[in-house]
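This report describes the fold of the protein shown below, from its secondary structure to its surface.

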Amino acid sequence: MVESDAVAARYPELQFSIPQGIHYISPDETVHASSLLVYHPASQSIYVDDTFEIPPSKLLNAVQPNLGLHPTTKKALTDEPNAAKHYCDWAVELAHEWRDGRHFCGAHSGLVVFEEGQFESALISAIDLARPELEKA
């Protein structure tokens, strides 16, 4: 499987991450908020299939690159205590770890090029904006 240790070992030039606190494969077939995220440090490129999205406006993204969460993220939360906190904490940690990312390729949404440090701040802003709604009881 693509999320296996065997695949990660085969591609040591890549870093992989699976979201925490949400179902990787949701029991609800209409929920597609999780994916295996991949980072290639040498090219500063991040590939995401659904977990995070870029707004559809290419013009706005050229001026001020932005990120958002997949619309079904709240529905993807596991029924474990503090699932939303685990998800948000995972995303913030990912933002710090992959802060040098400049090229964000979002499936179904295109490519955004961030200036140095912008990916980290954009992802943290998206999480800060969504956290109150996600963490509602």
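## Secondary structure and overall dimensions

In this predicted model, the secondary structure of the protein consists of five helices and seven strands. Read from the N terminus, these elements follow the order α-β-β-β-β-α-β-α-α-β-β-α.

Along the principal axes, the C-alpha atoms occupy a box of roughly 35 × 35 × 25 Å.

## The open sheet

Five strands are arranged as an open sheet with the order β1-β2-β3-β6-β7, and their pairing is mixed. The edges are formed by β1 (15-17) and β7 (110-113), each of which pairs on one side only. From one strand to the next, the twist averages 15°.

Within this sheet, strand β3 (residues 45-48) and strand β6 (residues 103-106) run parallel and are joined by four bridges. Ser-45 stands opposite His-103 in β6.

## Contacts, burial and surface

Considering contacts between residues at least 6 apart in sequence, 60% link residues at least 24 apart. Of the 137 residues in the protein, 39% are buried, where buried denotes under 20% relative accessible area.

Conventions
Residues are numbered from 1 along each chain as its sequence is written. This is a predicted model: local features need pLDDT of at least 70, side-chain atom pairs count only at pLDDT 80 or more; totals for chains, interfaces and linings use all residues. Side-chain values use heavy atoms; hydrogens and water are left out. Two strands pair if DSSP finds at least two bridges between them. Helices (H or I, at least four residues) and strands (E, at least two) are DSSP runs, numbered from the N terminus. Axes are lines fitted to C-alpha atoms, for helices over the stretch in contact, and angles run from 0 to 180 degrees between N-to-C directions. Buried means under 20% relative accessible area, exposed over 50%, partly exposed in between (1.4 Å probe, protein chains only). Contact means heavy atoms within 4.5 Å.
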